[in-house]
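Here is a friendly briefing to read alongside your viewer.

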Amino acid sequence: MADWIPFGVSQEESNALVDGIPSYMESSLLDWLNSAEVLLCGGYMIPSRPEAGRRHQLINRFDRQTRRLSGLYGNDIYDAVSGTGGMGDVYLQYTDFLIHELCNLKNDPYDLSSLEMSNLNKVEPCLDELEGILAESGSKWKVGMRNGYEGLEERVNSTMQAMADEVMEDPDELSGQLLSEAWHAIFGHNPNYSLAYATAIKAVEAIALREISPNDSKATLSKAAQVMRDQKWSFELEPNPAGKVDGGIAQVIMNAMMNSQPDRHGGAASVEDIEVSKERAEAAVYSAVYLIQCFKSGLVLSRNE
């Protein structure tokens, strides 16, 4: 069934993603934040309000981890927002924090003597509700949960997301776990582009090195690309059909990932010279998705096989 589009709103406007917390989402998000706090803190005197002492501890932990005074104290989140005068970026950061806390509660319940066991069964529906609020509001953010990396993540092209999820959701594959870390580092609410780029390389190494250099404990992606050239590995796509490139496009991309990582090289003139941009980190992470899929599918082969 197609989504309903309000009268007077174009398809383009309906599909546009928005950052921050638009005014029309504030009430829905506040209700969700309150529900999440009740799950995490319990609601004793008033079932719809988090227990005050536990909520105070929760906000203390949030402030310590963000290294800032959030101003979110009060009996509940409604008190907090009336005191801060509006919903700024700290509320998105707090949403990111609560997603992580809810996943911790679901995966490793703590202090259950003080919390109702039935609350554990409410975590998944609570997270689903948040995703519905974000999606219907046209938010650029979504709920991301995989391999221990939970929180708000940017929405990306659905085809690329599906390809990446196929790799990341394999619990037995180290490359998937590392790609999860790289994905969250670039698309999470607090991005670290240098970490995303470096971890994308490690994700490719996790699957490529065991195929190319299984007996070399000191192998790197750059050395693997050299082995592919020396041993004349093959890939169906060649950058130059007139003259074969051993390892084809796969080897070229692997080499490019290493040579294009700015903060890998010493001797830079300034910090700006080694800063990894979002665009370059995104290219590295997307390249990692492609390469891992190619290795998993058996498309990168040694000519000796």
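Let's begin with S137, which sits in the loop between α6 (123–136) and β1; helices (H or I, at least four residues) and strands (E, at least two) are DSSP runs, numbered from the N terminus. This is a predicted model, where local features need pLDDT of at least 70 and side-chain atom pairs count only at pLDDT 80 or more, while totals for chains, interfaces and linings use all residues. Residues are numbered from 1 along each chain as its sequence is written, and side-chain values use heavy atoms, with hydrogens and water left out.

- S137 is buried, with a relative accessible area of 12% (buried means under 20%, exposed over 50% and partly exposed in between, with a 1.4 Å probe and protein chains only).
- Setting aside neighbours within four places in sequence, S137 touches V18, Y24 and M25 (contact means heavy atoms within 4.5 Å).

- The buried residues of α7 are M160, Q161, A164, D165, V167 and M168.
- Viewed down the axis of α7, these buried residues fall within an arc of 160 degrees, so they line one face of the helix (the arc is that of the directions from the helix axis to the C-beta atoms).
- As background, an α-helix has 3.6 residues a turn, so residues three or four places apart point the same way.
- S158, T159 and E166 are exposed on the other side of α7.
- The partners packed against the buried residues of α7 are β1 (141–146), α8 (174–187) and α13.

**α7 with α13**
- Helix α7 (residues 158–168) and helix α13 (residues 278–296) have axes that come within 10 Å and cross at roughly 55 degrees (axes are lines fitted to C-alpha atoms, for helices over the stretch in contact, and angles run from 0 to 180 degrees between N-to-C directions).
- α7 and α13 are therefore oblique to each other (angles under 35 degrees count as roughly parallel, over 145 as roughly antiparallel, 65 to 115 as roughly perpendicular and the rest as oblique).
- From α7, M160, M163, A164, E166 and V167 meet Y286, V289, I292, Q293 and K296 of α13.
- By class, this contact of α7 with α13 has seven nonpolar, one polar and two charged residues (Ala, Val, Leu, Ile, Met, Phe, Trp, Tyr, Cys and Pro count as nonpolar, Asp, Glu, Lys and Arg as charged, and the others, Gly among them, as polar).

**α9 with α10**
- The axes of helix α9 (residues 193–212) and helix α10 (residues 221–230) come within 9 Å and cross at roughly 40 degrees.
- α9 and α10 are therefore oblique to each other.
- I201, V204, E205, L209 and I212 of α9 meet L221, A224, V227 and M228 of α10.
- The contact of α9 with α10 divides into eight nonpolar residues, no polar and one charged.
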